[in-house]
Amino acid sequence: MSVEPEVSTEQTIAPQVHVAASLDIAAGLQRAGKLGEAATELESALARARATPYEIEFQTRIRLGMALSDTYLSLNRVADARALLTDEAAFAEKISQIMQATGTPAQRRAATSGYLQIRDRATQVTLIGESAPALSVKTWINAGPVALEELRGRVILLEFWATWCKPCQEMFPKLKKLHQQTGPRGLEIVAVTRHYMAYGGTEQSMQEELQLMRAMVTEHGLSFRVGVAPDERMQTIYGANGLPTCVLIDRNGVVRYAGPGGEDRGFDATLDQCLNESI
């Protein structure tokens, strides 16, 4: 989606192609373990994108911001990642507002999606190194109520999910295996969901959705805690509107990772580090 549809190909092609090529080059450098060079390549692309903001496709700009922030995190440049995402989220919000007023339905949807994606990533990165926000859970499945403070001394993995989310369902067998393998080393998994289909509905509809949640927990044979939040506020606080989202909290209650988890190479490394640390 172009943020300014009435621009000629001659005006847009060079910056767009340059930025897209830089993303590909940086990905290759990352695979080769050359993170510093990847960051330099992406920084150059970002400078080009910011110099020609309306000549870069919006989704390309979002990809660029996400890629550079993740590279900064891999280099332990957390402050740089935070600053970048704050600026890029502000830009994305501006574009989203423009598209809501002037764009087609498809453009409005794409602009909103891109803005929420980078806004949530900014929220996640802001949490890293900070004390984890308190849990807000209305109904517990599989175990009694628990607060994060009660789990101090264990490594906590928060997994945000939903019954309709296929990647979430695919994640459950991996979480079950992880729980079995690393529970004895101090890992505590808490899977958090909320009412979606019945949100704001009748008590009966909420009970029916709760039964669906329970059935899914039973189907996957999950033994770790599953909590149902009362509303979307905890997702917003953790930047977890995109599903699934994982948050790792160390033995001292500090957020050490927030992101997609799963195949993210940073997740496994951070988990091992947290498990090997003492209070």
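This briefing covers the overall build of the chain and then its aromatic pairs. The structure is a predicted model, and its chain holds nine helices and six strands. The radius of gyration is 20 Å, which agrees with the value near 19 Å that a compact globule of 279 residues would have.

**Overall build**

- Taken along the principal axes, the box filled by the C-alpha atoms of the chain is roughly 60 × 45 × 30 Å.

**Aromatic pairs**

- Four aromatic pairs are found when the whole structure is searched; one of them joins Phe160 and Tyr238, whose ring centres are 5.6 Å apart and whose planes stand at 45°, so that this pair is tilted.
- Phe160 belongs to strand β2 (residues 155-160) and Tyr238 to helix α8 (residues 233-238), so the pair links distant parts of the chain, 78 residues apart.
- Phe160 counts as buried because its relative accessibility is 1%, and Tyr238 likewise counts as buried, at 0%.
- Trp161 and Phe172 form an edge-to-face pair, with 5.1 Å from centre to centre and 75° between the planes.
- Because Trp161 lies in the loop between β2 and α6 (166-182) while Phe172 lies in helix α6, this pair ties together parts that are 11 residues apart in sequence.
- Trp161, at 1% relative accessibility, counts as buried, and Phe172 is buried with a relative accessible area of 2%.

Terms used. Residues numbered from 1 in each chain as written. Predicted model: local features only at pLDDT ≥ 70, side-chain atom pairs only at ≥ 80, totals over all residues. Heavy atoms only, no water. Helix = DSSP H or I, 4+ residues; strand = E, 2+ residues; numbered from the N terminus. Rg over C-alpha atoms; globule rule 2.2 N^0.38 Å. Phe/Tyr/Trp six-rings, centres within 6.5 Å; stacked < 30°, edge-to-face > 60°. Buried < 20%, exposed > 50% of the residue type's maximum accessible area, 1.4 Å probe, protein only.
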